[in-house]
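Here's a quick tour of a single protein chain. Keep the sequence and the 3D view side by side while you read.

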Amino acid sequence: MNIINDDEAMLHLCVEASKQSFIGSMGNPDNLDISKLSVGYEFIASSDQPSGFYGIAYGDKNNIIISFAGAGRRNDKIAAGKLMAGEIDEQFYDAIIFYDSIKEKYPDANITVTGGSLGGSLVQLVAASRGC
């Protein structure tokens with residue numbers, strides 16, 4: 001897994017992926033516009049869980065961007081509070097499950113994970129737990 005590097009194109013893609021995950025997480029999947037991500041990138045999967053977790057994956061068979069939505073959804077204040085207290089929230093487990101499902105389906109793909117705010121914390125927890 002890659003966490004955002006200094007490559008300008010990848011940074012742009014990650015920012016746009018985060019924007020699209022926010023749009024999807026707010027219950028507006030019809031407004032998603034992955035055409036801004038990259039030529040040849042397609043919607044792969046999304047996960048909208050009762051815990052408040054929302055993740056979305058775009059890419060092709062070789063390169064995938066997974067974006068975790070940040071705070072602003074149901075239960076996010078609870079999740080952020082738990083993380084600040086050093087506790088693990090259910091959203092973390094949902095993020096792991098989503099990441100693992102993409103990795104299992106595309107084992108040889110280069111996976112980049114991004115997220116802002118709470119989503120950024122989930123990225124760090126996934127990276128640490130998966131040895132990335």
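Helices (H or I, at least four residues) and strands (E, at least two) are DSSP runs, numbered from the N terminus. With that in hand, S51 sits in the loop between β2 and β3 (54–59). Before going further: this is a predicted model, where local features need pLDDT of at least 70, side-chain atom pairs count only at pLDDT 80 or more, and totals for chains, interfaces and linings use all residues. Residues are numbered from 1 along each chain as its sequence is written, and side-chain values use heavy atoms, with hydrogens and water left out.

The protein chain has 4 helices and 5 strands, and they run β-α-β-β-β-α-α-β-α along the sequence.

Now for the inside. A nonpolar core is a set of buried Ala, Val, Leu, Ile, Met, Phe, Trp, Tyr and Cys residues joined through side-chain atoms within 4.5 Å. The largest one here has 20 residues, and I64, I66, F68, F98, I102 and I111 have the most contacts inside it. β2 (42–48), β4 (63–68), α3 (90–105), β5 (110–115) and α4 (118–129) each supply at least two residues of this core, with α3 giving the most, 6 residues.

| Residue | In contact with |
|---|---|
| A45 | G55, I56, A57, F98 and I102 |
| S51 | R74, N75, E90, Q91 and D94 |
| F98 | A45, S46, S47, F53, G55, I56, A57, I66 and F68 |

A45 lies in strand β2. A45 and G55 are 10 residues apart in sequence and 8.3 Å apart in space, C-alpha to C-alpha.

Last stop, α4. This helix has 12 residues and reaches 17 Å from its first C-alpha to its last, close to the 16 Å expected at 1.5 Å a residue (1.5 Å times one less than its number of residues). Its buried residues are L118, G119, G120, L122, V123, V126 and A127. Just after α4, G131 takes a positive phi of about 65°.

Key: Buried means under 20% relative accessible area, exposed over 50%, partly exposed in between (1.4 Å probe, protein chains only). Contact means heavy atoms within 4.5 Å. Lists of a residue's contacts leave out its neighbours within four places in sequence.
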